[in-house]
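Hi,

Here's the structure I said I'd pass on.

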Amino acid sequence: MNSRRQFLKAALASAAAPLVSAGTRAYGAPQKKPNILYIMSDDHAAHAIGAYGSRLAKLNPTPTLDRLAREGMLFENCFCTNSICVPSRATILTGQYSQTNGALDLGGGLQPPQQTLPHLMKQAGYETAMVGKWHLKHEPAFDYYCVLPGQGSYFNPIMRETGGNWPKDTRRFSGYDCKHSSDAITDVSMAWLKKRKSDKPFFLMHHYKAPHDNFANAERYDWLYQDIDIPEPESLWDSGNHGSEATKGTGTSIGKRCDWRNMGHHMFVDRSLSGEEYKRTAYQRYLKKYLRTVRGVDDNLARLFEYLKKSGQMDNTVIVYSSDQGMMLGEHDFMDKRWMYEESLRMPLLVRYPKMIKAGSRSDAIVNNTDFAPTLLELAGVEAPSSMHGRSIVPLLRDREPADWRKSTYYRYWMHMTHHDNPAHFGVRTKRYKLIFFYGLHYVPERRKPTQPGWELYDMKNDPHEMNNLYGDAKYAGVVKELKTELRRLRRKYNETDAKYPHIQKVIDKYWD
Ligand code: CA
């Protein structure tokens, strides 16, 4: 009888929950906290998810994620703050911009005490686990972990697991021939969910290696898209001169031959093909390989969700899907990420939790990856510490954009002309405009050659593919002035100035006005 009364009380609290304003106790006292499943892929661009409705949607790349979107909320304007693996992951774990958490580039990492999110989730009464791609170098501060070392392997991955001697001990996923990492990672998460004994709710970070390059799919997807022509982006044939002097000739090209980093080289395209044919072939091979690894992620998620459903946990689990950043899939003739250009800047963000979120809803509010930790903490019933820069998106999940919600987001990429020849830059994105400054220098003066500094301005409403740099056009002088003021404000607010890098500050001072 007593338990029945408690059940009814919990059910009533649950029904009333949407009326309760977002606060530290959003769920009503007697209700058990929800499980939280945070899923992240590596380099999965939003436009390679069907629900985002891009040119690739008609290929049906992600039926499971599309269902997640139909049953939850899709964020149209989620942006990362530094479009590269390690820094984005560090931001997600700390809720802080790169200069504050110290992970500016791929050399960064997070020591266990710095891994704020799992510590606070433990304090909030959660059993915590981290499975898959980790990339933050130091031992994960979770109750359980089983993670790939560094980038990890696509096939027969070895992983480092709780209880071993970090980082020496590894466990190979033996007993399987050519076990694909997406299959292995899903197996590990499901095994942990099945065997755990705790009556605490779980917080599981479930991270795939796919679809990061070199885009190796499980054999069962070799047939996929075999006889299909993947639609090309409008900007594939972009001359590369639309931007500014600062970006001319930079970045990894799809079709530029003679460059060992170009996609044609990567995809073993016959060098004797004509320029146009060479580029087309490279693009087709790139997209097919990429989308096959995406389907591997999607099918594994179907398996994971089916388990949650069968074990009665689906609706009491908040499911979040994202990627550490976006990816250029041939737009402007580019591959890879790093750019503040749209396809690399945007992160997919889908959230399903029927007790709070209306099925099939969408939000165009500007959110970024500093918001993830505060959100997960509020869902766990605790407040984010003031040291976090982000803000919980729980009010947005309840379909309400607060009047004082941010109107712009700050971005910075640091690794000047490394790996994929992208110049370092920073900028600001509002719903309507994007202003980028390429300052042409590495943050630590070194032998890499400086590039020409320059600004780019895009009108995202009239020019969503960023084909026309408006910087310098007198009609936009007022817009530029406002955006520069906003950029300066955000840089101060988030400790993202260049006080520590006088050689960069000098360039900024020279080119600001
Ligand atoms: Ca990545």
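This is a predicted model: local features need pLDDT of at least 70, side-chain atom pairs count only at pLDDT 80 or more; totals for chains, interfaces and linings use all residues.

Residues are numbered from 1 along each chain as its sequence is written, and side-chain values use heavy atoms, with hydrogens and water left out.

Start with the sheet of 10 strands, which is open, has mixed pairing and runs in the order 7-6-5-4-8-1-9-10-2-11. (Strands are DSSP runs of E with at least two residues, helices are runs of H or I with at least four, and both are numbered from the N terminus; two strands pair if DSSP finds at least two bridges between them.) At its edges sit strand 7 (171-172) and strand 11 (361-363), each pairing on one side only. Further in, strand 4 (residues 127-133) runs parallel to strand 5 (residues 144-148), with five bridges joining them. One to look up: Ala129 has Tyr144 in strand 5 as its bridge partner.

Now the other sheet: four strands, open, antiparallel, in the order 13-14-15-16. Strand 13 (408-413) and strand 16 (454-459) each have a single partner strand, so one side of each has no neighbour in the sheet. Six bridges link strand 15 (residues 433-438) to strand 16 in the antiparallel sense, and Leu435 has Leu457 in strand 16 as its bridge partner.

Happy browsing!
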